[in-house]
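Hello,

Here is the structure you asked about. Please have it open while you read the notes below it.

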Amino acid sequence: MNPVTVVADAKAIGYAADLLRQGRLVAFPTETVYGLGADASNPDAVASIFKAKGRPADHPLIVHIADIDSLGDWASTVPETALKLAAHLWPGPLTMILNKQPQVSLAVTGGQQTVGIRIPNHPVALALLKSFGGGIAAPSANRFCRISPTQASHVYEELGNSVGMILDGGACQVGVESTIIDLSGDMPRLLRPGQITSQEIADILKTYINISTPSKPTENRAPGMMEVHYAPSTPAMLCRVEQLPDKIRLLQTSGKTCGLLSCQLEISPTSQLRVLRLPQQAAAYAQRFYAALRELDSLQLDLIVVEQPLQTEPWQAINDRLRKATSA
Ligand code: TXA
Ligand code: MG
């Protein structure tokens, strides 16, 4: 294990909370992906997140909190919709965008008057939040526009020693970033799909959810809505399952080395073709998706081909990330 990565036991979590108090960065596991945390009330500490990630300063961060009672410390108004969703879905992979309290630093919100807030559902993240006692601003712990980390080793690959400490809590269970719902306007608006679907939210709120389709973003508020994101360095493309055998044959004859991320198709690897097969069930696929993409990306191949998964509701988040990973 590298020097900054530490098994997330109680002692390590206490030490990580001390580091946060000193304005240092701590990477920690959540149920979705690993986060790169800093004291959300310390603008200098927050600035170092942007530096470590190479992320532009106008891209807002999510503030992670330990309990619903602290929601009012960050949000100036907490609408009924937010309370309902919090009661049903927190702790969990849901981020709510609310109007910010005046004292919330613009460094956290990327200059906006709204703030993203979530209570993560992971014992290490919750213990860290409790031990620290305040809000932790944390984006995914990857370099800007790269694949999100779902294991501690991925964080080290991305950020190395620019982090004070990496708390190792094993592989993340959900595997894709939280669903983001904007509750700061008149109508709830889905900014980023995640494991919690827009239908689930609509059922709880008994209302229509405005889905900002990425093909016509109303504004570029969430970098997750940018067209190229979550992307491997290797060129990547999507291919429908029925077209895959021909596509692979063609690529093989061109002498290209390829990685295939398949789901339904069973195909044997060759010296030119590396195959990783993911589960056919959406949640299990999502859990392993980023690690698989990262593994293929590390092999210096000419191309990564991804079998297009189903276009149904449970696959919403995966299809969103796949579209962005393959749109370079
Ligand atoms: O699952 C997750 O959400 C993970 C874990 C670590 O919690 N975090 C994460 O953070 O994915 P990040 O920064 O990689 O993505 C957060 C997204 C960004 O697209 C950001 O623009 C959006 O949330 N966001 C944050 N605050 C916002 C705001 N006030 N208005 C609109 N979008 C906001
Ligand atoms: Mg991210």
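This is a predicted model: local features need pLDDT of at least 70, side-chain atom pairs count only at pLDDT 80 or more; totals for chains, interfaces and linings use all residues.

As background, strands of a sheet pair through backbone hydrogen bonds, in either a parallel or an antiparallel way.

One pairing can be followed by residue. Strand β13 (residues 258-262) is joined to β14 by five bridges. Leu-261 has Leu-276 in β14 as its bridge partner.

The other part to look at is helix α2, residues 43-53. Which residues of α2 are buried? They are Ala-45, Val-46, Ile-49, Phe-50, Ala-52 and Lys-53. These residues lie on the same side of α2, because they cover an arc of only 165° around the axis. In an α-helix there are 3.6 residues a turn, so residues three or four places apart point the same way. Asp-44 and Lys-51, on the other side of α2, are exposed.

What do the buried residues of α2 pack against? Their partners are β3 (35-39), α5 (106-109), β7 (136-137) and α7 (152-159).

At the start, a side-chain oxygen of Asn-42 comes within 3.0 Å of the backbone nitrogen of Asp-44. After the helix comes Gly-54, with a positive phi near 70°.

Regards

Terms used
Residues are numbered from 1 along each chain as its sequence is written. Chains are lettered from A and ligands numbered from 1 in the order in which they are written. Side-chain values use heavy atoms; hydrogens and water are left out. Two strands pair if DSSP finds at least two bridges between them. Helices (H or I, at least four residues) and strands (E, at least two) are DSSP runs, numbered from the N terminus. Buried means under 20% relative accessible area, exposed over 50%, partly exposed in between (1.4 Å probe, protein chains only). The arc is that of the directions from the helix axis to the C-beta atoms. Contact means heavy atoms within 4.5 Å. A polar contact is a pair of N or O atoms within 3.5 Å; within protein, one must be able to donate a hydrogen and the other to accept it, and residues adjacent in sequence count only if both atoms are side-chain atoms.
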